[in-house]
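Please read the following note alongside the sequence and the structure.

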Amino acid sequence: MRFGSLSMTQEELDTFLAGTPPKPCYANVASVRRDGSPMAVPLGYLYEDGWIYFSMNPETSGTKRIRRDPRVCVTVFNDHYPVRFAII
């Protein structure tokens with residue numbers, strides 16, 4: 001993964017997304033509202049076998065937004081220095 005001059009190997013990304021040691025993991029998930037404006041919400045996730053899983057109620061506005069327009073941006077970041085992040 002590359003972001004400007006920053007990069008992680010796939011192994012570093014896997015370790016970062018899984019949490020080391022494994023712990024509750026959170027991501028900021030941005031989706032697109034009907035009027036085209038962005039909407040970002042924090043969600044817990046599970047990273048397993050290269051996939052990120054979110055648990056969302058099928059009746060929430062977030063789920064409805066993603067079903068209507070599947071374009072999303074997922075940002076995962078740590079909560080301590082040095083700051084590390086991945087934009088997916």
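Which residue of β5 does Tyr47 stand opposite?

1. Tyr47 faces Ile52 in β5. The model is predicted, so to speak of local features requires pLDDT of at least 70, and side-chain atom pairs count only at pLDDT 80 or more, whereas totals for chains, interfaces and linings use all residues. Residues are numbered from 1 along each chain as its sequence is written, and side-chain values use heavy atoms, with hydrogens and water left out.

2. Strand β4 covers residues 38–48, and strand β5 covers residues 51–54; they pair in the antiparallel sense over four bridges. Strands are DSSP runs (E, at least two residues), numbered from the N terminus. Two strands pair if DSSP finds at least two bridges between them.

3. The hairpin of β4 and β5 has two residues between the strands, and Asp49 adopts a positive phi near 55 degrees there.

4. Ala40 lies in strand β4. Its contacts (heavy atoms within 4.5 Å) include Asn28, Val29 and Ala30, leaving aside residues up to four places away in sequence. Ala30 is ten residues from Ala40 in sequence, yet their C-alpha atoms are 3.9 Å apart.

5. Why is Ala40 classed as partly exposed? The reason is its relative accessibility of 41%. The class lies between buried (under 20% relative accessible area) and exposed (over 50%), using a 1.4 Å probe and protein chains only.

6. Tyr53 belongs to strand β5. Tyr53 is also partly exposed, because its relative accessible area is 42%.
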